[in-house]
Amino acid sequence: MSGKFLAFICVVAILFTGCGPRPKSLSEIRRAAEQGDAEAQVSLGFRYYYGKGVAHDDSEAVKWFRLAAEQGNANGRHNLGFCYENGRGVARDYALAVKWYRLAAEQGEAKSQNNLGFCYEHGKGIPRDYALAIHWYRKAAGQGNARARFNLGNCYYYGKGVPEDRSAAVECYRLAADQGHVEAQNKLGICYDGGHGVAKDHSKAAKWFRQAADQGDAYGQLNLGTCYAYGEGVLRSERKAAQWYRKSAEQGNAKARNKLGDCYRDGKGVKPNDSEAAKWYRLAADQGDAVSQNELGIFCGEGRGVAQDHREAANWFRKAAEQGEPYAQANLADSYAKGRGVPQDDRKAAIWYRKSADQGYAAAQTSLGDCYHVGKGVPQDTNEAIKWYRKSADQGDVKARNKLVRLL
């Protein structure tokens, strides 16, 4: 229920009301609205909502939507509900949004049926009820509403209110995608990419990612970039991968910002540039992306693209480590072990090595083995050391293999 989607449905509502000739000029629309014509009231509300021919004024838009809604006009009821849901011109009130969506939905208004389903699915203004969400999504989808088809697909995909059925989800996504729904196009690409409910097909995945990407969808752009990075469904091209990552990154997608940082770090598709890499990592890190927080920590510790600062490095490692990022946990442990950016503390080092080791990171397993071997931060225990060296060695870690040989 984005602003872009509302804009689209509003234009459709204006152009295809099917109620005979309508007033065209603003003065004619206003005159008809003031005389009680509900469709004119909705039209005038749209003009205030978007500032078309009048100064933008959400409160005035609500006034006209309400007048139409109180006459039983479905479009007026829908848009009044939307204003309550989003706090446009009125205080946000999900319960009142539900009230107006329900009235319009019961009149057969597909947009409201979908939005009412969404409220039931997410418990907005009404107790969560997946069965009723499905009920209203199906009614809207049956009328060809693309967003309802996408939402219904998600219910099948995740098993909300219906048994999980990825094949049924794919069919819903396909119907919506064929109507140009960008989220459905991207999701259909994900299904083809992973073989979820459909035979795995990287070419078809790339096709749907491209359709979403070409419409400006940041997730589609990210996924298409990844297709180019690995040559899946398209000819491999690091340059094109970087281009699509950039488009997504410039829209604020944290994962794309991380990927673009990698491109600059490694010189893939762009000239290597540590300052640019650090810039994109920082943007993603500030959004909470744990992988970027760890990378930015490495850059700060090494002075790559930024001034060297071990304290800042440890701070970023901690942010990522607390999110469960295993490489950051190992790096934070190293910081404690060496006293870089934090007071030296063998006990805390061992704690963070264990967190990382428990997730299977071989280097951390080796380091934890070292802790047990010499009794740093943990009681000395050769058997524990051997256990962790063996886990790491089984993953191919040469240092762990050599240490294991000396102990056995």
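Which side chain does the side chain of R147 make a polar contact with? I went to R147 to find out, and the partner is the side chain of E183, at 2.8 Å. For a polar contact I take a pair of N or O atoms within 3.5 Å; within protein, one must be able to donate a hydrogen and the other to accept it, and residues adjacent in sequence count only if both atoms are side-chain atoms.

Ground rules for myself: this is a predicted model, where local features need pLDDT of at least 70, side-chain atom pairs count only at pLDDT 80 or more, and totals for chains, interfaces and linings use all residues. Residues are numbered from 1 along each chain as its sequence is written, and side-chain values use heavy atoms, with hydrogens and water left out.

**R147, continued.** I find R147 in helix α9, residues 146-158. Helices here are DSSP runs (H or I, at least four residues), numbered from the N terminus. R147 has 10% relative accessibility, so it counts as buried (under 20% relative accessible area, with exposed over 50% and partly exposed in between; 1.4 Å probe, protein chains only).

**L224.** I looked this one up in helix α13, residues 218-230. L224 is buried too, with a relative accessible area of 0%. Leaving out residues up to four places away in sequence, L224 touches A206, F209, R210, A213 and W244; contact means heavy atoms within 4.5 Å. I also checked A213 against L224: they sit 11 residues apart in sequence and 7.2 Å apart in space, C-alpha to C-alpha.

**α19 and α20.** Next I took helix α19 (residues 326-338) and helix α20 (residues 346-358), which pack at about 165° with axes 8 Å apart. That makes α19 roughly antiparallel to α20. My classes are roughly parallel under 35 degrees, roughly antiparallel over 145, roughly perpendicular from 65 to 115, and oblique for the rest. Axes are lines fitted to C-alpha atoms, for helices over the stretch in contact, and angles run from 0 to 180 degrees between N-to-C directions. On the α19 side, the residues meeting α20 include L332 and Y336, and on the α20 side W352 and Y353 are among them.

**α6 and α7.** Last, I looked at helix α6 (residues 94-106) against helix α7 (residues 110-122): the angle is about 135° and the axes are 8 Å apart. That makes α6 oblique to α7. From α6, I noted V98, Y101, R102, A104 and A105 meeting S112, Q113, N115, L116, C119 and Y120 in α7.

Notes
Helix = DSSP H or I, 4+ residues; strand = E, 2+ residues; numbered from the N terminus.
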